[in-house]
Amino acid sequence: ARFEALVDGREIELLADGRPDRRAMLRALVSRSTLEQAVRAKVGDAGLAGVSHALLERNGEVTVVPRR
């Protein structure tokens, strides 16, 4: 499993409980505006506060989990 993580990478949690993780965003080279754009595309105008989690997947896509 460690070798696979080294070769394939891991998903990175960019946002948790509506709060961006600045360190993770810097590590992933994702700007706040890019994150906000991905959130708008997935959940509309709810904004970051309307999101439970946002992950940068290994394939470069951002997965957004809306709050319930």
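Glu13 sits opposite Leu55 in strand E3, with strands taken as DSSP runs of E at least two residues long and helices as runs of H or I with at least four, numbered from the N terminus. Strand E1 (residues 12-16) and strand E3 (residues 51-56) run antiparallel and are joined by four bridges. The model here is predicted, so local features need pLDDT of at least 70 and side-chain atom pairs pLDDT 80 or more, while totals for chains, interfaces and linings use all residues. Residues are numbered from 1 along each chain as its sequence is written, and side-chain values use heavy atoms, leaving out hydrogens and water.

The four strands make an open sheet in the order E2-E1-E3-E4, paired antiparallel (pairing takes at least two DSSP bridges between two strands). Strand E2 (19-20) and strand E4 (62-66) each have a single partner strand, so one side of each is left without a neighbour in the sheet.

Then there is helix H3. Residues 32-43 form H3, which lies across E1, E2, E3 and E4. Leu35, Ala38 and Val39 of H3 are buried (under 20% relative accessible area with a 1.4 Å probe, protein chains only; exposed is over 50% and partly exposed is in between). These residues cover an arc of only 100° around the axis, which puts them on the same side of H3; the arc is taken from the directions from the helix axis to the C-beta atoms. The buried residues of H3 pack against E1, E2, helix H2 (22-28), E3 and E4, where contact means heavy atoms within 4.5 Å. Exposed Gln37 and Ala41 are on the face turned away from the buried side of H3.

Notes
Axes are lines fitted to C-alpha atoms, for helices over the stretch in contact, and angles run from 0 to 180 degrees between N-to-C directions.
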